[in-house]
Amino acid sequence: MSSRPSLVVRLIGIGKYANYPSLRAEGDTNADDLHNFFRKEYIGGADCDIRVIKNETKEHILEELRSLRSPLDRTKAIVIFFSGYGGRTGEGTSIICPTDIDRDEKSKGITGQELSQLLDTISKFRGNNITLLLDSPTLAFNWGWPHSFVVVAPQQVTSNRKAFTTAVIDTLRSEKESMSSLTVRSFAAKIHAFMPYDIEVDCYGQYVDRLLFDPAGGRAHHAFIPGRVEGTKEGNDTEITIFAGAAHGVKKGTTFSVYQNPVDTEQTSIEHLEVTDRYRAVISATTTRLALPLDTPLPVVFFVVETSCLQQTLDIFLNEVDISKIKNSSWNEVDAEKAKIVLKRVGDKVEVLWSGFSKDLLPDSVTELCHNLSVPGNSPDLIKAITHAAWFSYRVDSSVEQSSSAFFDVEFKEVDEDLEPSGKNLLDSGVVDLEITEDNFRTTYCLVLSNKTEHSIWPFVFICNPTDFSIQPWYTPTQALSPKAAGSESVLEIGCGNEVDLTFEWNADLGLDIAYIKIFVTKERTSFSFLTQTDSEVGEKLRGLISSIEFNESYNNPILHYLAEVSQPVGATPDSSFDTPQKEPALSSSTRNEWDTIQIMITRRECVQFAFNAENEKIVTVRQNGDEALEKQVDSDFDFDFESGSDSEDPHNISEYQACCSSITRLCEVGVSREYDTIYVFN
């Protein structure tokens with residue numbers, strides 16, 4: 001193999017059951033088979049500690065696993081293999097069955113909870129590079145999303161008790177030259193390819209996107225979506241499945257670039273696909289199936305990156321900005337009121353501003369939001385900013401603010417000092433309007449989701465920030481949310497536990513800004529990680545956003561000369577049309593009852609304190625930054641008519657000042673301080 005991490009391997013196989021002699025699980029021979037593979041084909045210079053434990057009791061197996069706590073060495077990967085009977089008892093307890101399994105209290109098997117707790121303990125001494133290969137039906141277990149180990153196991157078992165072990169060996173053997181790009185998730189997908197009867201192979205754990213046995217070697221990039229070849233079906237076509245569907249935004253016309261693995265971000269795309277009638281597309285809630293020509297060169301397990309954003313028009317308003325040296329066919333210059341993105345010249349920099357929000361939610365005097373994304377003009381940074389804005393605009397629909405779903409109810413609340421939701425629901429008609437002041441600038445907030453269906457649901461939550469065009473996961477489920485009949489188990493609080501609290505900080509230089517929360521819910525487990533957008537440009541390169549930009553010859557930037565046009569989808573020629581069906585039309589698939597999504601808009605209005613200073617007869621702003629009061633003269637050119645001691649209700653003509661200041665929409669008196677006669681708050 002090209003890369004052989006050092007391993008500590010414990011192969012546990014049960015083939016004989018003392019109290020049930022008729023059962024023959026083949027676990028002992030499976031352990032021998034895997035042992036022979038590691039000894040003869042894997043080690044090859046790697047430092048491996050391999051032991052086989054066959055037909056042993058519960059106590060002996062647990063003792064062998066406890067011994068892994070020493071020595072204190074986190075440099076080696078730990079692989080634990082169990083082959084034997086396993087499942088769920090009549091009381092609902094998940095167990096694996098040692099050789100002394102019986103109905104009495106001492107021999108009830110090793111529970112999934114016992115195993116998880118033991119692996120958690122081992123990880124404290126040996127690190128969390130622990131892989132559990134479980135040759136028992138994983139649907140009988142509730143692994144959640146463990147942080148100390150990963151699990152790879154078939155959903156079900158068959159009469160062929162050697163199927164999973166053989167598939168594991170075949171996968172490792174076939175990947176001997178590509179271990180440097182084999183993640184735990186892709187390992188599970190490739191085991192499935194060798195499994196009979198089309199049995200699914202699942203993986204669980206927070207680190208399933210790290211390299212198998214070698215987490216320090218890298219991890220999968222979030223832009224990749226897994227796919228696989230299902231085989232040759234009717235009409236001699238190659239049927240494939242892409243693990244993204246209608247819930248992820250896939251529709252007719254969606255395009256993908258195909259790659260060999262999910263780790264190497266510099267690899268060349270091997271094919272391009274389009275969801276079209278031409279390939280008898282069938283779109284379900286979480287998958288897309290295509291029937292491709294038999295000679296389409298796809299590996300059994302592959303990965304795709306969505307490139308549909310290339311075909312979407314991005315409406316841009318240019319405010320004293322020239323982008324003639326940077327041309328993209330999907331960029332459309334429009335008037336300010338129609339723009340999704342505004343490019344505004346400020347000195348030698350260009351501000352890239354989001355303008356795709358619902359204008360009727362803002363005060364009439366406010367025409368644009370406060371942003372901090374400012375980059376040099378005509379530079380790679382500007383290109384990166386625009387492409388980030390393009391993906392953001394493609395994924396955030398400013399016209400769908402709502403707070404109700406057929407699947408769930410949602411509330412947006414403050415979090416109290418006991419980390420519990422408190423106060424009223426701040427969500428109103430899809431919008432949360434927050435006033436940020438000195439007193440509440442560190443307030444944290446949470447979402448409360450309630451399942452209102454008769455089935456389990458999987459909720460995924462993203463925070464979309466137009467300040468930097470980031471799209472970040474806030475909550476990814478580790479298990480399904482129970483049906484409403486389950487009572488409290490059907491309610492999920494996001495932001496009160498281990499998730500990142502949603503905090504809006506008070507900033508003296510900001511006025512009004514917005515953010516979006518997007519919630520996706522499906523009936524089955526899936527992944528939305530490819531929606532993520534960070535400040536890196538890797539995702540944009542993979543999606544073809546950057547590589548589709550044409551540069552004027554006069555713009556001689558060596559960093560960008562390597563970029564090339566994105567290739568056309570498979571089977572396309574310059575004259576071909578994907579609107580003309582070549583085969584029978586796509587099967588219709590009603591999927592909306594399998595998933596749902598809502599989008600919440602959060603507006604943040606910062607309160608600005610103004611005060612009248614009698615000493616210099618000026619109106620100043622007052623903000624608190626730690627213990628230091630910051631003063632700023634508001635308008636030195638305005639001629640105030642001060643009437644100290646007047647009985648007038650507005651002795652300092654504050655209302656007249658308000659009328660002349662376009663950024664002030666409300667005025668109220670809030671008190672008197674030692675330094676200032678009267679303090680007012682405008683927002």
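This is a predicted model: local features need pLDDT of at least 70, side-chain atom pairs count only at pLDDT 80 or more; totals for chains, interfaces and linings use all residues.

Colleague: Let's start with the overall make-up. How many helices and strands does the protein have?

Modeller: The protein has eight helices and 39 strands. Buried residues make up 51% of its 683 residues. The accessible surface comes to about 31,000 Å², and carbon and sulfur atoms account for 45% of that.

Colleague: And what share of the contacts join residues at least 24 apart?

Modeller: Take the contacts between residues at least 6 apart in sequence: 70% of them join residues at least 24 apart.

Colleague: Okay, now helices. How do I read one?

Modeller: Start with the general idea: an α-helix has 3.6 residues a turn, so residues three or four places apart point the same way. Now look at helix H6, residues 380-395. H6 has 16 residues and reaches 23 Å from its first C-alpha to its last, close to the expected 22 Å.

Colleague: Is H6 mostly covered or mostly open?

Modeller: Mostly covered, with 13 of its 16 residues buried.

Colleague: Next, the nonpolar core. Which residues have the most contacts inside the largest one?

Modeller: The largest core has 61 residues, and those with the most contacts inside it are Ile242, Leu290, Ile341, Leu343, Val352, Trp354 and Tyr516. H6 provides the largest share of this core, nine residues. There is also another core lying apart from it, with 36 residues, including Leu182 and Ile191.

Colleague: Now aromatic rings. How do I read a pair of them?

Modeller: You check how far apart the ring centres are and how the planes are angled. Planes under 30 degrees apart count as stacked, over 60 as edge-to-face and the rest as tilted. The count here comes to 15 aromatic pairs. In one of them, the rings of Phe392 and Tyr516 have their centres 6.5 Å apart and their planes at 55°, so the pair is tilted.

Colleague: Why does that pair tie together parts that are apart in sequence?

Modeller: Because Phe392 lies in helix H6 and Tyr516 in strand S32 (residues 512-522), the pair ties together parts 124 residues apart in sequence. Phe392 is buried, at 0% relative accessibility, and Tyr516 is buried too, with a relative accessible area of 0%. Trp354, Phe392, Phe469 and Tyr516 form one aromatic cluster.

Colleague: Which charged residues lie over the face of a ring?

Modeller: Here are two cases. Arg161 lies over the face of Tyr85, at 4.7 Å from the ring centre. Arg210 lies over the face of Tyr207, at 3.9 Å from the ring centre.

Colleague: What about loops? Is Ser355 buried or exposed?

Modeller: The cut-off for buried is under 20% relative accessible area. Ser355 has 7%, so it counts as buried. Ser355 is in the loop between strand S21 (349-354) and strand S22 (374-376). Its C-alpha is 6.2 Å from that of Ala339, which is 16 residues away in sequence. Beyond its neighbours within four places, Ser355 is in contact with Ala336, Ala339, Lys340, Ile341 and Val342.

Colleague: Where does Met195 lie?

Modeller: Met195 lies in the loop between helix H5 (184-194) and strand S9 (201-204). At 9% relative accessibility, Met195 counts as buried. Its contacts include Pro154, Phe164 and Val201.

Colleague: Last topic, the backbone. Which residues does a cis peptide bond join?

Modeller: Ser70 and Pro71, with omega about 0°. Pro71 lies in the loop between helix H2 (58-66) and strand S3 (77-83).

Colleague: And which residue has a positive phi although it is not a glycine?

Modeller: Glu320 has a phi of about 60°, and it is found in the loop between strand S17 (314-319) and strand S18 (326-327). Glu320 is exposed, with a relative accessible area of 65%. Leu419 also has a positive phi of about 60°. Leu419 is partly exposed, at 45%, in the loop between strand S23 (408-415) and strand S24 (421-422).

Technical notes. Residues are numbered from 1 along each chain as its sequence is written. Side-chain values use heavy atoms; hydrogens and water are left out. Helices (H or I, at least four residues) and strands (E, at least two) are DSSP runs, numbered from the N terminus. The expected span of a helix is 1.5 Å times one less than its number of residues. Buried means under 20% relative accessible area, exposed over 50%, partly exposed in between (1.4 Å probe, protein chains only). A nonpolar core is a set of buried Ala, Val, Leu, Ile, Met, Phe, Trp, Tyr and Cys residues joined through side-chain atoms within 4.5 Å. Contact means heavy atoms within 4.5 Å. Accessible areas come from the Shrake-Rupley method with a 1.4 Å probe; for residues, only the protein chains shown count as cover. Rings of Phe, Tyr and Trp (its six-membered ring) pair if their centres lie within 6.5 Å; planes under 30 degrees apart count as stacked, over 60 as edge-to-face and the rest as tilted. A charge sits over a ring if NZ of Lys or CZ of Arg is within 6 Å of the ring centre and within 35 degrees of the ring normal.
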